[in-house]
Amino acid sequence: MSNNQGWRWSIAEMFFSINGEGRKAGELAAFVRFEGCNLKCDWCDTRWAQGGQSVGMVMSAEDILDVMEPWNVRNVTLTGGEPLQAEHVDDLIIALTDAGYAVEIETNGSINLTPFLRTAKDRDVTFTMDYKLPGSGMEQAMHPVNLSLLRLCDTLKFVCGSRSDLERAYEVCSQYHLGGRVHIDLSPVFGSIEPAEIVDFMKEKAWTDARIQIQLHKVIWDPETRGV
């Protein structure tokens with residue numbers, strides 16, 4: 001944990017909306033989207049936030065808290081880009097939880113969660129972690145030890161674009177005995193696979209430990225809309 005209380009981060013955007021996915025799907029939340037990502041997934045829908053393509057803001061924890069205050073919301077989602085690659089992001093996690101916020105961290109699975117779980121201990125912090133499947137082109141970047149670190153309060157998300165992606169997700173969950181240890185979400189790549197195909201696969205495998213999750217914000221608003 002850093003003692004640098006004056007640290008600032010490059011933030012691509014902040015907005016107030018509903019959680020489109022994860023365990024708090026449908027609940028109101030403040031979103032803090034970090035700039036920059038260490039991966040380049042083939043189906044990425046926030047490539048504009050990977051650096052150099054957005055008008056970012058350099059913000060301190062105090063700045064972020066000030067923006068969120070009038071929203072009068074309890075949930076905060078740190079997303080990206082990849083928030084856990086931001087230096088001293090643990091300072092922000094501590095500041096948010098000290099202020100009474102419940103923090104969800106969306107992370108891409110390539111960064112070791114161990115130090116962040118130490119920060120999260122005894123705090124209202126949960127992780128929604130991707131496991132990048134073959135269709136993403138980024139499976140080789142996964143950090144397998146994370147699969148044993150996730151807790152029952154956390155979510156493991158598989159973004160699936162094909163039958164072969166679904167097969168791989170099922171294989172990973174079986175190999176690491178993840179059923180009942182973490183929430184497992186199967187999310188379709190928008191426009192690449194029909195949700196019904198995912199449901200059929202779940203039925204075929206009797207995969208009762210997983211659930212399908214549609215990105216609500218892409219149903220409610222135009223899929224290209226930002227800030228929702």
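In helix H2, the buried residues are Val-89, Asp-90, Asp-91, Leu-92, Ile-93, Ile-94, Ala-95, Leu-96 and Thr-97. The model is a predicted one. H2 spans residues 89–98, and nine of its ten residues are buried, so the helix is mostly covered. After H2 comes Gly-100, which has a positive phi, near 95°.

The structure holds six aromatic pairs. One of them joins Tyr-170 and Trp-207, with ring centres 5.1 Å apart and planes at 90°, an edge-to-face arrangement. Tyr-170 belongs to helix H5 (residues 163–175), while Trp-207 sits in the loop between helix H6 (195–205) and strand S9 (210–212). The two residues are 37 apart in sequence, so their pairing ties together separate parts of the chain.

Are these two residues buried or exposed? Trp-207 has a relative accessible area of 6% and is buried, because buried means under 20%. Tyr-170, at 25% relative accessibility, counts as partly exposed, because its value falls between the 20% and 50% limits.

Trp-207 also pairs with Phe-201. This pair is edge-to-face too, with 6.2 Å from centre to centre and 70° between the planes. Both Phe-201 and Trp-207 are buried. Through these ring pairs, Tyr-170, Phe-201 and Trp-207 are linked into a cluster.

Definitions and conventions: Residues are numbered from 1 along each chain as its sequence is written. This is a predicted model: local features need pLDDT of at least 70, side-chain atom pairs count only at pLDDT 80 or more; totals for chains, interfaces and linings use all residues. Side-chain values use heavy atoms; hydrogens and water are left out. Rings of Phe, Tyr and Trp (its six-membered ring) pair if their centres lie within 6.5 Å; planes under 30 degrees apart count as stacked, over 60 as edge-to-face and the rest as tilted. Helices (H or I, at least four residues) and strands (E, at least two) are DSSP runs, numbered from the N terminus. Buried means under 20% relative accessible area, exposed over 50%, partly exposed in between (1.4 Å probe, protein chains only).
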